[in-house]
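Thanks for coming, everyone. I'll keep this brisk. Let me put the sequence and structure on the screen.

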Amino acid sequence: MDRAIAIQVSHLTKTYDKHTAVSDLSFEVYGGEIFGLLGPNGAGKSTTLRTIITLLTPTSGTVSVLGHDTVREADLVRRLIGYVPQERAIDRFLTGREHLELLGALYHLSKAEAAKRIAELLKLVELEEAADRAAKTYSGGMKRKLDIACGLLPDPKILFLDEPTLGLDVQSRLRIWEYVRMLKARGMTIVMTTNYLDEADQLCDRLAIIDGGKIKTLGSPTELKIGLGGDIVSLTLKDPSKIATLVAALTKQPAMRAVKATQTGLDIRVESPEKALPAILESANRLDCQLEFIEYHRPRLDDVFIAHTGRSIKDDVPMEKEAV
Amino acid sequence: MKEYWQEISALTMRWVKRLSREKFSMLFTLVQPMLFWLIFFGNLFQRAADMQVTQAPDYISFLTAGVVVMTVLNNGLAGGVDLLFDKENGFLERLMTTPIHRSSVILSRFIFVMTITSLQVLVILGVAFLFGVQPATGLLGIATILMIGMLFGVGLTAISMAMAFSVKSHGDFFSVLGFLSLPAIFLSSALVPLAGMPAWMGFLARFNPMTWAIDAVRPLILTGWTEALPHVGMVVVVMVIFDALCLYGSAKVFRRAMG
Ligand SMILES: Nc1ncnc2c1ncn2[C@@H]1O[C@H](COP(=O)(O)OP(=O)(O)O)[C@@H](O)[C@H]1O
Ligand SMILES: [Mg+2]
């Protein structure tokens with residue numbers, strides 16, 4: 001992959017009055033990747049995003065986008081990026097097409113150029129039929145699509161999406177994921193925030209987990225999961241009195257990373273299941289420990305989140321639903 | 001320069017579109033001052049008002065200047081409302097991520113509010129004409145009235161926009177609006193000339209820029225140039241100072257709000 005740095009965030013701190021929303025954040029976003037900021041509500045995702053796109057000025061630290069400082073060269077940065085805000089920033093009295101025409105003028109496109117792009121975008125987000133209706137008649141999913149079309153109108157090098165699928169139904173979510181993947185395939189760099197683990201897992205090439213305004217960990221979803229230290233094998237024994245014997249027998253073996261007794265059996269972290277599973281079964285047989293149940297799973301992003309923040313992300317996720 | 005104009009005209013057209021889609025609100029904005037103040041108030045107080053005090057042939061011709069300036073006041077003070085909504089629903093943020101001159105949004109709002117206000121003033125003068133009020137200074141006088149209205153309106157709109165950017169909630173905005181607008185009307189020469197007021201009210205009204213505007217517009221309608229010119233000269237000076245203060249104060253707020 002092209003490893004050119006698209007965005008460089010160095011020691012970014014942003015305080016509102018006295019409240020520190022993000023503190024000493026540093027990370028890079030590479031050209032052509034989908035970069036995610038994952039965290040619960042109030043973690044500081046939107047604040048970080050808004051600072052990168054010049055809406056907020058850092059309290060301290062610097063941000064540069066494609067080599068341009070977001071404070072000193074704000075106007076230049078604005079010409080290179082597109083933004084899809086977290087709230088549906090829609091004027092209910094304007095039609096979908098009028099939104100795009102307005103933005104066309106604000107990005108200084110000629111009438112002809114704007115008309116061409118608007119036609120393409122309306123087609124892309126499947127709003128051709130609704131284009132000349134006032135936006136107040138749009139469903140939640142349609143508004144989101146219009147938002148995305150607005151973000152794409154300037155034909156940006158980098159697209160910023162703030163919680164693009166929050167509150168959408170499953171179908172609309174999948175549709176938005178498709179757009180994001182397609183845009184990446186066209187070479188666009190994408191930065192998005194989310195508090196959905198599955199979204200971060202499936203969509204992002206790399207992600208930063210933030211909580212309480214700080215980056216807890218950063219890497220590709222796979223790296224983060226591997227970083228936890230291997231897959232997990234959980235055993236449930238028919239006779240709990242044998243647990244201690246089996247723990248003692250397995251702990252010495254090289255294929256096991258960590259062996260832990262639980263209420264009904266054992267949790268074993270293993271480096272590779274191919275080596276570990278036969279060894280576990282062999283020991284169990286030899287010591288006459290009958291197995292009631294055996295479960296094997298790779299670490300999920302949930303496990304990563306819990307390991308780094310000490311709590312589950314779901315604690316804070318609001319469940320609102322909107323129809324397409 | 002060309003880009004600047006493209007931004008301003010697109011943003012101004014958006015305000016026009018919004019107004020034209022809100023049919024009910026448009027009708028209400030246009031008709032309310034004429035119906036309520038001019039026709040009801042003007043006719044209701046016809047007999048109650050003392051001609052010796054108003055120095056006018058009838059109350060409605062006295063009141064016309066007041067209604068004109070009240071319209072400027074209300075439009076100006078409400079001039080920031082749409083920006084308040086834009087701020088609250090995130091549309092302003094979307095505008096601010098585009099590479100526009102930060103001042104375009106503000107300028108488009110000035111242009112829109114001034115245009116609507118001028119149209120409204122013309123309609124009010126038209127309705128007053130139907131009730132027999134003929135401006136003594138003719139077309140040039142009407143042009144002068146529009147100029148005074150705009151001078152006053154610029155400062156008011158600036159205050160309103162600055163308020164829209166500063167308030168925490170839109171409830172606050174409307175409370176302040178209500179708090180400002182009625183006293184501004186009663187503590188001015190809109191309904192009663194200063195000479196006809198209790199001394200303390202007359203004293204306070206002298207510090208109200210609205211009084212100066214009305215005292216210039218009234219002779220333009222009632223008497224003629226000789227009477228009006230000194231007042232017109234005076235109001236221009238007062239309004240330039242008023243606008244300078246308002247713009248200076250609000251520019252700081254705009255810069256903080258929009259970077
Ligand atoms: N305009 C603001 N004024 C004061 N505090 C704010 C403002 N915006 C956000 N915050 C606070 O900053 C923190 C981070 O907010 P935000 O960046 O919106 O988080 P997220 O997008 O991850 O939910 C929160 O505690 C929030 O209450
Ligand atoms: Mg957010």
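Start with a question: in which sense do strand S1 and S2 of chain A pair, and over how many bridges? They pair in the antiparallel sense, over eight bridges. S1 covers residues 5–16 of chain A. In this pair, Leu12(A) stands opposite Leu25(A) in S2(A).

Before I go on, the ground rules. This is a predicted model, where local features need pLDDT of at least 70, side-chain atom pairs count only at pLDDT 80 or more, and totals for chains, interfaces and linings use all residues. Residues are numbered from 1 along each chain as its sequence is written, chains are lettered from A and ligands numbered from 1 in the order in which they are written, and side-chain values use heavy atoms, with hydrogens and water left out.

Now the terms. Helices (H or I, at least four residues) and strands (E, at least two) are DSSP runs, numbered from the N terminus. Two strands pair if DSSP finds at least two bridges between them.

Overall picture next. Chain A has eleven helices and 14 strands. Its C-alpha trace spans about 80 × 45 × 40 Å along the principal axes. Of its 324 residues, 56% count as buried; that means under 20% relative accessible area, with exposed over 50%, partly exposed in between, and a 1.4 Å probe on protein chains only.

S1(A) and S2(A) form a hairpin with two residues between them. In that turn, Asp17(A) has a positive phi of about 50°. S1(A) also pairs with strand S4 (residues 60–65) of chain A, antiparallel, over five bridges. There, Ile7(A) stands opposite Val65(A). The open sheet of four strands runs S2-S1-S4-S5 in chain A. S2 and S5 (68–69) are the edge strands, each pairing on one side only.

On to the ligand. Which residues surround ligand 1? Among them are Tyr16(A), His19(A), Lys45(A), Ser46(A) and Thr47(A); a residue is in this shell if one of its heavy atoms lies within 4 Å. By class, the shell has four nonpolar, six polar and one charged residues. Here Ala, Val, Leu, Ile, Met, Phe, Trp, Tyr, Cys and Pro count as nonpolar, Asp, Glu, Lys and Arg as charged, and the others, Gly among them, as polar. Strand S2 (19–30) and helix H1 (45–52) of chain A each supply at least two residues. H1(A) gives the most, with three.

A polar side-chain atom of Thr47(A) lies 2.5 Å from an oxygen atom of ligand 1. For Ser46(A), also to an oxygen atom, the value is 2.7 Å. For Tyr16(A), to a nitrogen atom, it is 3.4 Å. Taken alone, ligand 1 exposes 560 Å², and the protein buries 62% of that; these areas come from the Shrake-Rupley method with a 1.4 Å probe.

Most residues other than glycine have a negative phi. Thr54(A), not a glycine, has a positive phi of about 75°. Thr54(A) is in the loop between H1 and S4 of chain A, and is buried at 9% relative accessible area. Glu163(A) has a positive phi of about 45°. Glu163(A) lies in the loop between strand S7 (158–162) and helix H6 (170–185), and is buried at 4%.

Last, a second open sheet. Its four strands run S12-S13-S11-S14 in chain A, antiparallel. The edges are S12 (256–261) and S14 (291–297). S11 (231–237) and S13 (265–270) pair over six bridges. Thr236(A) stands opposite Gly265(A) there.

Note on methods: Polar contact = N/O pair within 3.5 Å; in protein donor to acceptor, adjacent residues only side chain to side chain.
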